[in-house]
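Biologist: I've got a model open and I'd like to learn how to read it. Could you walk me through a few features?

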Amino acid sequence: IGRGNLDRLNSSGHAFGSAYASPARQFQRGGEVSGQDLVNYATQQEFLDTPYVDHTKIPEWGPGKGWDCSSFTSYVFKNFGIQLPALSDSQYSMGTAVAREDLQPGDLVFFHNSSSGTKTTGHVGIYIGDGKMVNAASPSSGTRIEDVTWDTYVGARRMSGLQPGTA
């Protein structure tokens with residue numbers, strides 16, 4: 001994310017990407033969840049320092065402990081009272097479908113497994129805007145912000161408008 005994005009304010013008056021410079025923050029639960037709140041929470045430095053670990057290999061996943069792509073998104077949304085299933089293909093069946101040109105911060109973006117070439121979902125991240133996402137990418141790179149990989153993109157779902165407890 002370029003420096004200009006760090007200075008841009010969202011509708012709540014928080015700097016976009018401000019998580020890079022601050023420790024873990026708490027967000028109020030309940031009511032409508034803003035996509036920007038999800039992004040601010042998901043891009044905390046503590047989260048970005050978390051390694052990728054298959055969720056079946058550790059008994060409890062979270063910041064600093066490890067997570068895979070879908071357990072990362074589950075962890076982020078759970079903070080706002082929205083329960084997501086543990087697998088990306090199950091998450092893809094939730095929420096509302098979003099066209100690529102209508103993506104907003106906080107939308108879940110899904111990808112197929114490039115090694116198999118199938119169009120089933122095998123990876124999920126959180127769209128943060130400007131063609132970028134935050135995700136638990138791989139065992140070699142951990143949790144990071146990167147460009148959306150449009151060549152393996154399957155689709156997107158919007159969960160941020162869900163009322164807590166309805167997922």
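This is a predicted model: local features need pLDDT of at least 70, side-chain atom pairs count only at pLDDT 80 or more; totals for chains, interfaces and linings use all residues.

Biologist: Let's start with the helices. At roughly what angle do the axes of H2 and H4 cross?

Modeller: Look for the two axes first, then the angle. Helix H2 covers residues 35-42 and helix H4 covers residues 69-78; their axes come within 10 Å and cross at roughly 120°. That angle is why H2 counts as oblique to H4. As for handedness, H2 passes H4 in a right-handed crossing.

Biologist: And which residues in H2 and H4 meet?

Modeller: On the H2 side you'll find Leu 38, Tyr 41 and Ala 42, and they meet Phe 72, Tyr 75, Val 76 and Phe 77 of H4. Sort that contact by class and you get seven nonpolar residues, with no polar and no charged ones.

Biologist: Now pockets. How much space lies in the largest pocket?

Modeller: With a pocket, go from volume to lining. The largest pocket here holds about 190 Å³ of space. Its lining has 12 residues, and those nearest the centre are Trp 61, Ser 74, Tyr 75, Lys 78 and Gln 83. H4 gives the largest share of that lining, three residues.

Biologist: How does the lining of the largest pocket divide by class?

Modeller: Seven of the lining residues are nonpolar, three are polar and two are charged.

Biologist: Last one, the backbone. Where is Asp 130?

Modeller: Asp 130 sits in the loop between strand S3 (121-129) and strand S4 (132-138). Check its phi: the value is positive, about 55°, although Asp 130 is not a glycine.

Conventions
Residues are numbered from 1 along each chain as its sequence is written. Side-chain values use heavy atoms; hydrogens and water are left out. Axes are lines fitted to C-alpha atoms, for helices over the stretch in contact, and angles run from 0 to 180 degrees between N-to-C directions. Helices (H or I, at least four residues) and strands (E, at least two) are DSSP runs, numbered from the N terminus. Angles under 35 degrees count as roughly parallel, over 145 as roughly antiparallel, 65 to 115 as roughly perpendicular and the rest as oblique. A crossing is left-handed if the near helix is turned anticlockwise from the far one by less than a right angle, and right-handed if clockwise. Contact means heavy atoms within 4.5 Å. Ala, Val, Leu, Ile, Met, Phe, Trp, Tyr, Cys and Pro count as nonpolar, Asp, Glu, Lys and Arg as charged, and the others, Gly among them, as polar. On a 1 Å grid over the protein atoms alone, a cavity is a set of points where a 1.4 Å probe fits but cannot get out, and a pocket is an open set with protein on both sides within 12 Å along at least five of seven lines; lining residues have an atom within 4 Å of a point. Grid points are joined across faces, edges and corners, and a volume is the space filled by probe spheres set on the points.
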